[in-house]
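Student: I should like to learn how to read the features of a protein model. May we go through them one at a time?

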Amino acid sequence: MKKGEIYEGIVEKIEFPNKGILHIEDEKVIVKNALPGQKIQFLVNKKRKGKCEGRLMQVLERSEIETAETVCPHFGICGGCLYQTIPYETQLEIKKEQVKELLDGVCGEYEFEGIKGSPLADCYRNKMEFSFGDEVKDGPLALGMHKRGSFYDVVTTGECRIVHKDFCDILLCTKAYFEEKEVGFYKKMQHTGYLRHLLVRRAVKTGEILLDLITTTQIGVEEEKELLAGWLERLLVLPLEGKMAGILHTKNDSLADAVKDEGTEVLYGKDYFFEELLGLKFRISPFSFFQTNSLGAEVLYEKTREYVGETKGKVVFDLYSGTGTIAQILAPVAEKVVGVEIVKEAVEAAKENARLNGLDNCEFIAGDVLKVVDELTDKPELIVLDPPRDGIHPKAIEKIIGFGVERMVYVSCKPTSLARDLVILQENGYRVEKGCCVDMFPGTANVETVVLLGRKA
């Protein structure tokens with residue numbers, strides 16, 4: 001095989017998260033976003049040190065597993081979903097096998113409990129960050145998700161399948177309004193333009209909706225005031241199923257293509273809303289970390305609570321605690337729960353949520369786990385780990401191991417990072433006892449995994 005040449009082949013399997021695997025001329029080739037059983041055409045774009053990668057050109061023949069009856073009209077263009085053409089039960093089977101293969105590769109004997117599905121396979125997300133842009137250079141305004149494989153092009157996702165219809169109605173209303181007013185989007189290369197992102201959050205249990213329009217400061221104050229007032233007026237007459245809790249405007253002049261808060265104004269209502277999980281109430285602000293699938297989160301945290309086991313009279317550390325969801329689920333029967341989280345806003349939200357839920361045995365500390373664990377005076381009897389996608393810093397793992405707890409529960413949103421960290425934990429006195437997947441992201445390639453570790457005898 002040669003770099004720059006085009007080949008055809010049938011995808012044998014898919015490795016986490018989206019690596020289609022083929023063998024051509026006795027060489028293994030990775031082609032992203034290709035599904036098992038598809039006959040594809042691909043261009044070899046990387047070939048070095050025995051590794052060969054290809055870029056998907058087109059699907060010549062669909063796989064026999066692609067039998068989903070209804071498919072999102074944006075599928076294949078939008079970069080958000082990979083498994084829309086596959087029935088949900090088959091999606092679960094693929095994810096289960098991917099994670100099991102990763103865990104089997106690094107663990108000794110353990111009990112693999114399979115996968116638990118999301119209560120909702122469609123319309124499950126409670127948060128979306130939509131981008132403003134255009135579908136083609138100098139084309140009309142678009143608002144939605146980036147096209148697959150593109151840093152610049154945006155596709156308007158007005159019929160997205162993984163969100164409630166309220167998201168789509170708000171998106172289309174916003175796009176139409178700013179298109180009508182001939183307002184331009186922020187162009188990353190030129191650093192010019194006004195519109196950047198639209199953040200939408202909708203609570204599944206309460207139906208409350210929180211919107212945040214993220215823009216630059218590249219128009220005049222009076223012009224902006226009039227423009228936002230018109231947008232607000234349009235939104236407030238939309239016939240939504242949910243209830244508008246707040247509409248916000250955030251300024252962001254940073255060069256990075258990310259939602260960054262450089263000053264937020266409340267245009268309507270308040271800057272937070274409430275969601276409920278497992279009988280507890282959580283106050284969520286625009287930039288708070290909160291699981292994007294509320295009903296799936298209940299399944300995930302039930303499994304986490306099961307693995308944690310008896311906590312009566314015990315001190316529990318919840319490291320990488322976010323807004324303190326896990327900590328508060330464990331707190332009612334624990335002696336004390338200490339949460340550590342690097343995002344200060346999330347820590348403040350965790351404290352407020354604990355107060356709302358009448359929990360006075362939770363302590364939340366803002367800081368990097370790597371640094372904070374040295375300063376903790378409490379001695380934990382068990383530890384829950386729920387790190388970001390990249391997993392735990394190696395030096396932080398060393399310090400966590402140093403506590404010498406009998407049990408740890410590791411919640412992971414990226415099984416490849418989990419597998420890497422499990423190697424270190426097992427080399428330092430722990431063994432994996434159980435593992436289970438929880439699908440929080442139907443239609444996509446992502447999956448959560450929960451693992452119970454115990455100290456070796």
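Student: Is M189 buried or exposed?

Tutor: The model is predicted, and the values that follow are computed from it. A residue counts as exposed when its relative accessible area is over 50%. M189 has a relative accessible area of 58%, and it is therefore exposed. M189 is found in the loop between α2 and β11 (195-202).

Student: Which separation is given for the C-alpha atoms of M189 and Y152?

Tutor: These two residues are 37 residues apart along the chain, and their C-alpha atoms are separated by 9.6 Å.

Student: Where is G80 found, and how is its accessibility described?

Tutor: G80 belongs to the loop between β6 (51-61) and α1. Its relative accessible area is 33%, so G80 is partly exposed.

Student: Let us turn to helices. How does one describe two that pack together?

Tutor: Two packed helices are described by the angle between their axes and the distance between the axes. In this model, helix α2 (residues 165-180) and helix α3 (residues 221-236) have axes that come within 10 Å and cross at roughly 145°. The crossing in which α2 passes α3 is right-handed.

Student: Which residues make the contact of α2 with α3?

Tutor: From α2, the contributors are I170, C173, T174, Y177, F178 and E180. From α3, they are E226, L227, G230, W231, R234 and L235. Sorted by class, the contact has 7 nonpolar, 2 polar and 3 charged residues.

Student: What span should α3 have, and what span does the model give?

Tutor: The 16 residues of α3 should span 22 Å at 1.5 Å a residue. The end C-alpha atoms of α3 are 22 Å apart, which agrees.

Student: Which residues of α3 are buried, and what do they pack against?

Tutor: The buried residues of α3 are E224, L227, L228, G230, W231, L232 and L235. They pack against α2, β11, β12 (208-215), β13 (243-251) and β14 (264-269).

Student: How many residues has helix α9, and what length does it reach?

Tutor: Helix α9 (residues 415-427) has 13 residues. From its first C-alpha to its last it reaches 18 Å, close to the 18 Å expected at 1.5 Å a residue. Just after α9, G429 takes a positive phi of about 100°.

Student: Which residues of α9 are buried, and what covers them?

Tutor: In α9, the buried residues are P415, S417, L418, A419, D421, L422, L425 and Q426. Their cover includes α1 (88-104), α8 (394-402), β21 (407-412), β22 (430-438) and β23 (448-455).

Student: Which residues does UniProt list for "binding site"?

Tutor: An unreviewed UniProt entry lists Q291, Y320, E341 and D386 under that term. Y320 is found in the loop between β17 (315-319) and α5 (325-330), and it counts as buried because its relative accessibility is 15%. E341 lies in strand β18 (residues 336-341); with a relative accessible area of 10%, E341 is buried.

Student: What does Y320 touch?

Tutor: Residues up to four places away in sequence are not counted. Y320 then touches V340, E341, V369, D386, P387, P388, I392, H393 and A396. E341 in turn touches Y320, S321, G322, A346, V347, I365, A366 and G367.

Student: Which residue does the annotation "active site" cover?

Tutor: In the unreviewed UniProt entry, that annotation covers C413. C413 is found in the loop between β21 and α9, and at 16% relative accessibility it counts as buried. Apart from neighbours within four places in sequence, C413 is in contact with P387, P388, R389, V447 and E448.

Notes
Residues numbered from 1 in each chain as written. Predicted model: local features only at pLDDT ≥ 70, side-chain atom pairs only at ≥ 80, totals over all residues. Heavy atoms only, no water. Axes fitted to C-alpha atoms, helices over the stretch in contact; angles between N-to-C directions. Helix = DSSP H or I, 4+ residues; strand = E, 2+ residues; numbered from the N terminus. Left-handed = near helix turned anticlockwise from the far one by under 90°. Contact = heavy atoms within 4.5 Å. Nonpolar A, V, L, I, M, F, W, Y, C, P; charged D, E, K, R; others polar. Expected span 1.5 Å × (residues − 1). Buried < 20%, exposed > 50% of the residue type's maximum accessible area, 1.4 Å probe, protein only. UniProt positions renumbered as here; feature names shortened; annotations may be inferred.
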